Amino acid sequence: MKAIDKFDLSYSVKFSTYAVPMITGEIRRFLRDDGMIKVSRSLKENGARTKQAREKLQAEFGREPNLQELSVETGLPREEIVMALEANGEVESIYRAAGSSEGKEVCLADRLAQEKDSHEVLLNHMVLQQLLQELPEMERNLIELRYFKERTQMQVAEELGISQVQVSRLEKKILLGMRSRAVH
């Protein structure tokens, strides 16, 4: 769109000759500026400057430079160097392999603590039970079949003698109603 807007017929070139470099430049800019996490341009520039200084000092000293040496080389305060290095780091997936346990591969998500408060679980169970009891029999039956007996919408439709589309609509309406009553 930018190429179309900025193209002038008085240019002595074809539109494609004008547009291709502009489109390529926009794609490069997007890939450079917009990563998984949006980071300010100044942080990216500081990160690039720090990376360059680090490589130079590594070659010069034959070892990893410390924060003070990087600060002197770049002219940036230590805090800004740390922020720049953190901001320009790669994003990790919580599903990345992080070792193995008992012959199974374990990912970072498996290592996250998943504590469940027994009181909260009990309270949720009681609220759900009350909400289900308040439903008309057919609606309660539909929810029980779908969520406690893990039946598909088609299976529920056959059992209740209605269409799958009706099951889908009813299920959505019932769940919204239950959520609304639970909140209030």
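Student: Before that, what kind of model is it, and how are residues numbered?

Tutor: This is a predicted model, where local features need pLDDT of at least 70, side-chain atom pairs count only at pLDDT 80 or more, and totals for chains, interfaces and linings use all residues. Residues are numbered from 1 along each chain as its sequence is written, and side-chain values use heavy atoms, with hydrogens and water left out.

Student: OK, how many helices and strands does the protein have?

Tutor: There are 10 helices and two strands. Both kinds are DSSP runs numbered from the N terminus: helices are H or I with at least four residues, strands are E with at least two. Read from the N terminus, the order is α-α-α-α-α-β-β-α-α-α-α-α.

Student: And what share of the residues count as buried?

Tutor: Of the 184 residues, 22% count as buried. Buried means under 20% relative accessible area, exposed is over 50%, and partly exposed is in between, with a 1.4 Å probe and protein chains only.

Student: Which residues make up the largest nonpolar core?

Tutor: That core has 12 residues in all, among them Leu131, Leu142, Ile143, Val156, Leu170 and Met178. A nonpolar core here is a set of buried Ala, Val, Leu, Ile, Met, Phe, Trp, Tyr and Cys residues joined through side-chain atoms within 4.5 Å. Helices H7 (118-134), H8 (137-148), H9 (153-160) and H10 (164-183) each supply at least two residues of this core. H10 gives the largest share, four residues.

Student: What is Leu131 in contact with?

Tutor: Leaving aside its neighbours within four places in sequence, Leu131 is in contact with Met178, Arg181 and Ala182. Contact means heavy atoms within 4.5 Å. There is also a second, separate core of five residues, including Ala53, Leu70, Leu76 and Ile81.

Student: Switching to charges: how many salt bridges does the structure hold?

Tutor: Eight. The criterion is a side-chain nitrogen of Lys or Arg within 4 Å of a carboxyl oxygen of Asp or Glu. One of them joins the side chains of Lys173 and Glu139, at 3.4 Å from N to O. This pair links distant parts of the chain, with Lys173 in helix H10 and Glu139 in helix H8, 34 residues apart.

Student: Are those two buried or exposed?

Tutor: Lys173 counts as exposed because its relative accessibility is 52%. Glu139, at 15%, counts as buried.

Student: What about Glu171 and Arg146?

Tutor: Their side chains meet in a salt bridge too, at 2.8 Å from N to O. That pair also links distant parts of the chain: Glu171 is in helix H10, Arg146 in helix H8, and they are 25 residues apart. Glu171 and Arg146 are both buried.

Student: H8 keeps coming up. Which of its residues are buried?

Tutor: In H8, the buried ones are Glu139, Leu142, Ile143, Leu145 and Arg146. They fall within an arc of 165° seen down the axis of H8, so they line one face of the helix. The arc is that of the directions from the helix axis to the C-beta atoms. H7, H9 and H10 are among what covers these residues.

Student: What comes after H8?

Tutor: H8 is followed by Glu150, whose phi is positive, near 50°. Most residues other than glycine have a negative phi. Glu150 sits in the loop between H8 and H9, and at 67% relative accessibility it counts as exposed.

Student: Last topic, the rings. How many aromatic pairs are there?

Tutor: Two. Rings of Phe, Tyr and Trp (its six-membered ring) pair if their centres lie within 6.5 Å; planes under 30 degrees apart count as stacked, over 60 as edge-to-face and the rest as tilted. Phe7 and Phe15 are edge-to-face, 5.3 Å centre to centre with 85° between the planes. Phe7 and Tyr18 are tilted, at 5.4 Å and 55°.

Student: And where do Phe7 and Tyr18 sit?

Tutor: Phe7 is in the loop between helix H1 (2-6) and helix H2 (15-33), while Tyr18 is in helix H2. Both Phe7 and Tyr18 are buried, whereas Phe15 counts as partly exposed at 36% relative accessibility. Phe7, Phe15 and Tyr18 form one aromatic cluster.
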